[in-house]
Amino acid sequence: MNIMTETSQEIKIALVGSPNCGKSSLFNSLTGSRQKVANYPGVTVERRSGTYTTKDGHNITLIDLPGIYSLKDRTLDERVSRQVITGVHKSESRPDLLLCIADSTNLRVHLRLVLELKYLGLPVILALNMRDLAERDGITIDPKILSRELGIPVVATVAVRRDSLDALKTELSQAITSLTPARDAVQAPTTRELQKQARRLSEVAIMSEGTQHKVTRQLDKILLHPFFGIIIFFITLFGMFQLVYFWAEAPMGLIEEGFRILQGFIAEILPDNWFRSLLIHGVIAGVGSVLVFLPQILILFTFILILEATGYMARAAFIMDRLMAMVGLNGRAFIPLMSSFACAIPGIMATRTIEHHRDRITTIMIAPLMTCSARIPVYALLIGAVVPNKSIFYGLFGLQGMVLFGLYLVGIVSALIVAAVLKMTLTRGAAQPFLMELPKYQLPVLRHLLINLWERARIFLKRAGTIILYSAIGLWALAQYPKKPLGATEPDIYYSYAGTLGRYLQYIFEPLGFNWEMSIALIPGMAAREVAIGALGTVYALQGNEDQITQGLRTVIQNSWSLPTAFAFLAWYVFAPQCFATLATVRRETNSWGWTAFMTGYLFALAYSAAFVVNKATIALLA
Amino acid sequence: MRYLSDLDKGDKATILGFEAGRCEDIEFARDLEDRLLEIGFEEGLEVQILHEGPISRDPIAVRIGQMTVALRRMEACAVRIT
């Protein structure tokens, strides 16, 4: 079979490698922004794919398989990787070629995976990544000897350097022109046997052993220090949340101003009819009040991406392990929980690195208590409205940032308590190994950071353009019709469908101090949390409250919500039952309606009780 | 008999073998040897304790070859050393 006869044929290359080998970085460099992230159907193993075209016109599809240490069936990642490589995966056709990436500074360990891959029947090319770091540490490897011994092409690479990428691409192009058809996989020897071979190989190919990465050694002395390490860890987290507020202020003001000008402009040029109302009160009030939070979300993601790219995230897991152990989890669970600060969905997906089912369930159950970025709009709006913008501690911290940090803290503490309770009851069982590599510290690559940030911004904007836009329009319609009867005294919206629905929901939410406007907003808030703000924007705009147009939602809330009501709404959102997307992810991840229902139920109960208690307590304090 | 879990910060030793059976929990011990091997523990290699966790000096970070691996003392008790 000669694949070359059809030039239009796509060549599929799978990237395989252990965690921390720089695989994602290499993938980003090869594909640039021509990549997309999706999931393998049925399981939530992330499928990253991208394309590039070779000089001689081949279209290459790259798929980035998850980072794995071996190809046993222990974790979902290992299973999916094995299925794809051996060609038995249901939705992914077998790749034509494997590009195995190994960390040059840690070759002995990574070679074992290369040896294991050779038994799977596909042609393999080995990229010795992080050549620059190896050189700096005095490690010398001879790719020629390695290539001869392994019987496969070997290229030394630095993921972010053009010249080394060109060498890799040339090697890949050559391999493509002489592709051999895939064979069936054969049984690989035991881990111990592979280890022995890997060790012999590395003894032959490594010319000089070098020393351990000096910067990493020095930095770890401080960052993993039993005292200073913890202080630095908390300062990092605290500073992160302060800056999310501080840096976002100016761009948010600009966006708000922009929408106000747009509303004013539309009011000028269009006659006063239903269409003008739809644009101003439905679309712009709804979508605009959510888009305002784009800067904060991007700043938070920037921090999380940097923590991951530098290697600090693994140190955070080390520092937190003992604390997590107290509630029956291990430090590894800290990483998915940390990602849940951005969004519970990637967080819940990241739990797949937790091999043990019970631990995984526990982590999934508490992930939504980590304050996700979709809650930032809600928090930011309410804090901005009811907490005075002043400095405390001699001007060091903003009070608003402190309150925000406090809300995050309440989420974290509740998560730990829920985990402890679960581990004592529903998910009781033995502890699980912690065992993880602490990767070398690395400077994040700006280009990769931007690619990832753009991906997050795109997802957020897409939601604003679809789900948030539709619910804003839907809510506008519900809130517009039917029109108020003759001689009515309340505002129009009170007599509309939305007003009626809100008044019914009022029976449930009244004990929490919620007004009917808030009760309405909670429904679309289930679709996505930040939509609740858009909904409030629409509802208040339609009340004929001209403040909304001239001064924004914040002022309206300042004037019309009592303090106990605002605090209860904040408390509600600390625990707020999940958005539908998260619940769908939980269903898919746990493969159980039972756990999904359990999560929904317990979060609703917590949210309701917390809002009730906060409301009553604030009333008592103010009396 | 000495095990990795007995060492203090700064101590060095050479790995002699693995005894996953020393863990009380059978479920926990299963795969532990394979996992230790996969992440880079191997007979004959030198290990050194680089860092200890803030509470009860647990977990520990050990240097094996060029890399640093974090593990709990509970897992380290399966690694027999000189």
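Helices (H or I, at least four residues) and strands (E, at least two) are DSSP runs, numbered from the N terminus. This is a predicted model: local features need pLDDT of at least 70, side-chain atom pairs count only at pLDDT 80 or more, and totals for chains, interfaces and linings use all residues. Residues are numbered from 1 along each chain as its sequence is written, chains are lettered from A in the order in which they are written, and side-chain values use heavy atoms, with hydrogens and water left out. 45 residues of chain A are in contact (heavy atoms within 4.5 Å) with 41 residues of chain B. A search of the whole structure finds 22 salt bridges over all chains (a side-chain nitrogen of Lys or Arg within 4 Å of a carboxyl oxygen of Asp or Glu).

**Helix α7 of chain A**

- Helix α7(A) spans residues 191-205, 15 residues in total.
- From first C-alpha to last, α7(A) reaches 21 Å, close to the 21 Å expected at 1.5 Å a residue. The expected span is 1.5 Å times one less than the number of residues.
- Thr191(A), Leu194(A), Gln195(A), Ala198(A), Leu201(A), Ser202(A) and Ala205(A) are buried in α7(A). Buried means under 20% relative accessible area, exposed over 50%, partly exposed in between (1.4 Å probe, protein chains only).
- These residues cover an arc of only 130° around the axis, so they sit on the same side of α7(A). The arc is that of the directions from the helix axis to the C-beta atoms.
- An α-helix has 3.6 residues a turn, so residues three or four places apart point the same way.
- Exposed Lys196(A) and Glu203(A) are carried on the face turned away from the buried side of α7(A).
- The buried residues of α7(A) pack against α3 (107-118), β7 (140-141), α5 (143-150) and β9 (206-208) of chain A, together with α2 (32-39) of chain B.

**Interface of chains A and B**

- The area buried between chain A and chain B is about 3800 Å², of which carbon and sulfur atoms give 53%. Buried area is the accessible area (1.4 Å probe) that two parts lose on being put together, summed over both.
- In chain A, Gln212(A), Arg322(A) and Leu435(A) lose the most area to chain B, together 19% of what that side buries.
- Six salt bridges are found across this interface.
- Glu33(B) pairs with Arg192(A) in a salt bridge, the closest N and O atoms being 2.8 Å apart. The pair crosses between chains, from helix α2 of chain B to helix α7 of chain A.
- Glu33(B) is partly exposed at 29% relative accessible area, and Arg192(A) is partly exposed at 32%.
- Arg322(A) forms a salt bridge with Asp58(B), with closest N and O atoms 3.2 Å apart. Arg322(A) lies in helix α12 (residues 312-326) of chain A and Asp58(B) in strand β4 of chain B, so the pair joins two chains.
- Arg322(A) counts as partly exposed at 25%, whereas Asp58(B) counts as buried at 9%.
- Arg108(A), Arg199(A), Glu203(A) and Glu42(B) are linked in a network of salt bridges.

- A cis peptide bond joins Asp58(B) and Pro59(B), with omega about -5°. Pro59(B) lies in strand β4 (residues 58-64).
- Ser56(B) has a positive phi of about 55° although it is not a glycine. Ser56(B) lies in the loop between β3 (46-55) and β4.
- Arg57(B) has a positive phi of about 50°, and it is not a glycine either. Arg57(B) is in the loop between β3 and β4 and counts as partly exposed at 39% relative accessibility.

**Cores and contacts within chain A**

- The largest nonpolar core has 122 residues. A nonpolar core is a set of buried Ala, Val, Leu, Ile, Met, Phe, Trp, Tyr and Cys residues joined through side-chain atoms within 4.5 Å.
- Phe514(A), Trp561(A), Phe569(A), Trp572(A) and Tyr573(A) have the most contacts inside this core.
- Apart from it lies another core, of 35 residues, among them Ile68(A), Leu122(A), Ile152(A) and Ile206(A).
- Val244(A), in helix α9 (residues 228-269), is buried at 1%. Leaving aside neighbours within four places in sequence, Val244(A) contacts Gln296(A), Ile299(A), Leu300(A) and Ile376(A).
- Lys423(A) forms a salt bridge with Asp359(A), the closest N and O atoms being 2.9 Å apart. The pair links α17 (residues 399-424) to α15 (residues 357-366), 64 residues apart.
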